[in-house]
Amino acid sequence: MGNKKKNLTPAQQKYQGLQQKHEFKRPILKNCLRAFWVGGLICMFGQAVTYFYIYFFNFTEQTAGNPTVATMVFFSMLLTGFGVYDHLGQFAGAGSAVPVTGFGNAVISAAIEHRTEGFVLGVGGNMFKLAGSVILFGVFSAFVVALIKTILITWGVI
Amino acid sequence: MKIKYFCMALLLMTALMGCNQNESNESELALIKKTNPSPLLIKNNSRNEFDLVKSIEKDIESIKELYDVAVVKGKDDTLVAYKVKHLQRFHMKKIEKKMKKMLEEKYPDEKFTVSSDYKIFLEAVKLNEKMKDPNYSEEKASKRLKEIIKLKNEMA
């Protein structure tokens, strides 16, 4: 860092000082609190959906996870389409992006962004631009974990 | 403005929920509060069998990590459903292992199915309620118990 500063010309150093003077400080604590509350509320809603499936359908705690995730993603997709989730994302940041609802938002927002380029090359081609890496990472890590588990079971460790 | 509408909706929802004061069945609240259902015996209503089920329930209730237990004894299987205290849910597998070992050692002739799943607990409480109805036959209850045990073994 110090080395970098030494390489700067006096004019650049002066400019950096000026920039630092006018730069807004990031409200980290406020952002964390917002993310915590909104993320928590989304998870609370997810828990309510899980209980709904357990109570009214033949799902156990173990099997209710899949329909809950599907429902939450569906809701976030709808809210993205209606333009509500964008405001939520702006307000809560990671609180709305980290839960599974952020995945639905990533898919639909990319689809909306590219809809002018046509349905196949636009929507179809760009829909998974953001979410594709999530799916790939998820599938690949699940494969690796399953492989490790299979090896451990074969060896009789677990 | 939006916050005003949100607060109004929240108030309205709270008020409407407060109005719902009908007498409800135990099973309706089984997921939220402690119900402590009495042990259920589907077949062989003999004194010995009843004492056995009572003693199973007492043994399980003595485990300090649990707070609500439902025991249903059918012809072959005995279903034990329980709720684990919130912070103890990290040790759920360990508790299940410990309980199974304890039950198998103490009651070697019984075949146990133990579950900490809320759904299984809820169904056990519902079955208990249904058995109070004199029109609900033992065959139906046995069939339902088998279905619950099958549901417990389902993975996905």
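Residues are numbered from 1 along each chain as its sequence is written, and chains are lettered from A, with ligands numbered from 1, in the order in which they are written. Since the model is predicted, local features need pLDDT of at least 70 and side-chain atom pairs count only at pLDDT 80 or more, while totals for chains, interfaces and linings use all residues.

Q: What makes Ser96(A) buried or exposed?
A: Count C-beta atoms, placed from the backbone: 20 or more others within 10 Å means buried, 12 or fewer means exposed, and in between is partly exposed. Ser96(A) has 25 C-beta neighbours inside 10 Å, so it's buried. You'll find Ser96(A) in helix α6 (residues 94-97) of chain A; helices here are DSSP runs of H or I with at least four residues, strands are E runs of at least two, and both are numbered from the N terminus.

Q: Which residues does Ser96(A) touch, leaving aside neighbours within four places in sequence?
A: A contact here means C-beta atoms, placed from the backbone, within 7 Å. On that basis Ser96(A) meets Val38(A), Ile42(A), Tyr85(A), Leu88(A), Gly89(A), Thr101(A) and Gly102(A). As for Tyr85(A), it sits 11 residues from Ser96(A) in sequence and 8.2 Å away, C-alpha to C-alpha.

Q: Why does Asn36(B) get the class it does?
A: Its count is 13 C-beta neighbours inside 10 Å, so Asn36(B) goes down as partly exposed. Asn36(B) belongs to the loop between α1 (2-19) and β1 of chain B, and its phi is near 45 degrees, a positive value in a residue other than glycine.

Q: How do you know whether Tyr82(B) is buried or exposed?
A: Tyr82(B) has 25 C-beta neighbours inside 10 Å and therefore counts as buried. It is part of strand β3 of chain B. Leaving aside neighbours within four places in sequence, its contacts are Ile60(B), Leu66(B), Asp68(B), Val69(B) and Ser116(B). With Ser116(B), the separation is 34 residues in sequence and 5.1 Å in space, C-alpha to C-alpha.

Q: Why are α4(B) and α5(B) described by the direction they are?
A: Helix α4 (residues 118-131) and helix α5 (residues 138-153) of chain B have axes that come within 10 Å and cross at roughly 175 degrees. Over 145 degrees is roughly antiparallel (under 35 is roughly parallel, 65 to 115 roughly perpendicular, the rest oblique), so α4(B) is roughly antiparallel to α5(B). From α4(B), the contact includes Ile120(B), Ala124(B) and Leu127(B), and from α5(B), Leu145(B) and Ile148(B) are among the residues taking part.

Q: What makes a set of residues a nonpolar core, and which residues have the most contacts inside the largest one?
A: The set must be buried Ala, Val, Leu, Ile, Met, Phe, Trp, Tyr and Cys residues joined through C-beta atoms within 7 Å. The largest has 32 residues, and Ala70(B), Val72(B), Leu79(B), Ala81(B), Phe121(B), Ala124(B) and Leu145(B) have the most contacts inside it. Helix α4(B) gives the most, with seven residues. Leaving aside neighbours within four places in sequence, Leu145(B) touches Ile42(B), Val72(B), Gly74(B), Asp77(B), Leu79(B) and Leu127(B). Apart from that core lies another, of six residues, including Phe103(A) and Met127(A).

Conventions
Axes are lines fitted to C-alpha atoms, for helices over the stretch in contact, and angles run from 0 to 180 degrees between N-to-C directions. Two residues are in contact if their C-beta atoms, placed from the backbone, lie within 7 Å.
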